[in-house]
Amino acid sequence: MHPARLWKKRDNLQVQCRLCAHFCRIDPGGRGKCGVRQNVDGELYTLVYDRAAAVNVDPVEKKPLYHFLPGTLTFSLGTMGCNLSCSFCQNYSLSQTPKAGGAVSGHHVTPQVLVDAALRNNCQSISYTYSEPTIFYELMYDTAVLAKEQGLKNIIVSNGFQSPECLQSLGPYIDAANIDLKAFTPQFYEELCGAKLEPVKKNLKTIRELGWWLEVTTLLIPGKNDDEDEVREMAKFISNELGVETPWHLSRFHPDYNMRDREFTPQTSLVHAWEAGKEAGLHFVYVGNVPGNEHAHTLCPNCQARVIDRSGFQVNGTDLTEGKCTACGAPIAGVFS
């Protein structure tokens, strides 16, 4: 166990975690909703500071980030636990096990070990991902500080359910984020994720204000969040509140965890959502989990030239000159060097 941060003492040895928007009040011996923050005699501890349950070297496109150092490698890590309980979770063995009272396991790591491994593997960034980086905040924060000192960029792949204090404290150290906007109705978040929509919307706007490069992902689930009116409202929110240059990734659902009664997302739903994004004025809308689809490439919003050619997570080639379309000279939003 490692001392936790961002929490307050309450009466009768109870503590209140201030890390995410649940603001859990935890009795002695109890854990927060994430399953990895525990009250020990009135002090809050994290159970995952030195336990990485998943570590890999990935293309940055896998996060997915299409406009942040495309074609580079990122050192990816995650621990067990999550502050949401999505019934469709596609990484549930990692995220949900501690919430059900299971053991919190992982390989022993330190921030320095992680930074050294990233450098040794020729990565240009470290990604805090796989489960939910908010719940391993202490490990993420300390690693991100060291990574910055060594010239590495820091990326979070998150559900966006942080507390305001958490986001502000990470402000100087995170460079890019891919945030899930899982749906656009409160009911979806409450019934299927055990969370709320409004904190996510607020945090998305805060992330934009912090200056991090931001991309948004939505997993389209048949009959749950793919209603055309809802998708249009989501697209308008991204365009109006986050900016037309914010990339939106539409990801295809496959049956998993406690939602095996659904079919794969129909191609028609993905196409309609892509069209809704373009109608809302978004410059960059992508379709994921569909090999070979035409909406994986980056097109210049000015002349429609293909400036980044992709196959899956592989960048086949770019036609950019100092972040501008080589064909017409228009700037392409993103971080390219």
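**Pockets and a cavity: worked exercises**

The largest pocket holds about 1200 Å³ of space. Its lining comprises 47 residues, and Lys63, Pro64, Gln90, Thr217 and Ser251 are the closest to its centre. The model is predicted.

**Exercise 1.** Describe the second largest pocket: its volume, the residues nearest its centre, and the elements that line it.

*Solution.* 
- Step 1. The volume is about 240 Å³.
- Step 2. The lining has 16 residues. Nearest the centre lie Trp274, Lys278, His297, Leu299 and Gln304.
- Step 3. α8 (267-279), β16 and β17 (298-299) each give at least two lining residues.
- Step 4. By class, eight lining residues are nonpolar, five polar and three charged.

**Exercise 2.** How many cavities of 30 Å³ or more does the structure hold? Name the residues that line the largest cavity.

*Solution.* 
- Step 1. There is one such cavity.
- Step 2. The largest cavity has a volume of about 80 Å³.
- Step 3. Its lining includes the cysteines Cys17, Cys20, Cys24 and Cys34. Leu19, Ile26, Gly32, Lys33, Arg37, Asn83 and Ile135 line this cavity too.
- Step 4. The classes are seven nonpolar, two polar and two charged.

Technical notes:
Residues numbered from 1 in each chain as written. Predicted model: local features only at pLDDT ≥ 70, side-chain atom pairs only at ≥ 80, totals over all residues. Heavy atoms only, no water. 1 Å grid on protein atoms, 1.4 Å probe; cavity = no way out; pocket = protein on both sides within 12 Å on 5 of 7 lines; lining within 4 Å. Points joined across faces, edges and corners; volume = space filled by probe spheres on them. Nonpolar A, V, L, I, M, F, W, Y, C, P; charged D, E, K, R; others polar. Helix = DSSP H or I, 4+ residues; strand = E, 2+ residues; numbered from the N terminus.
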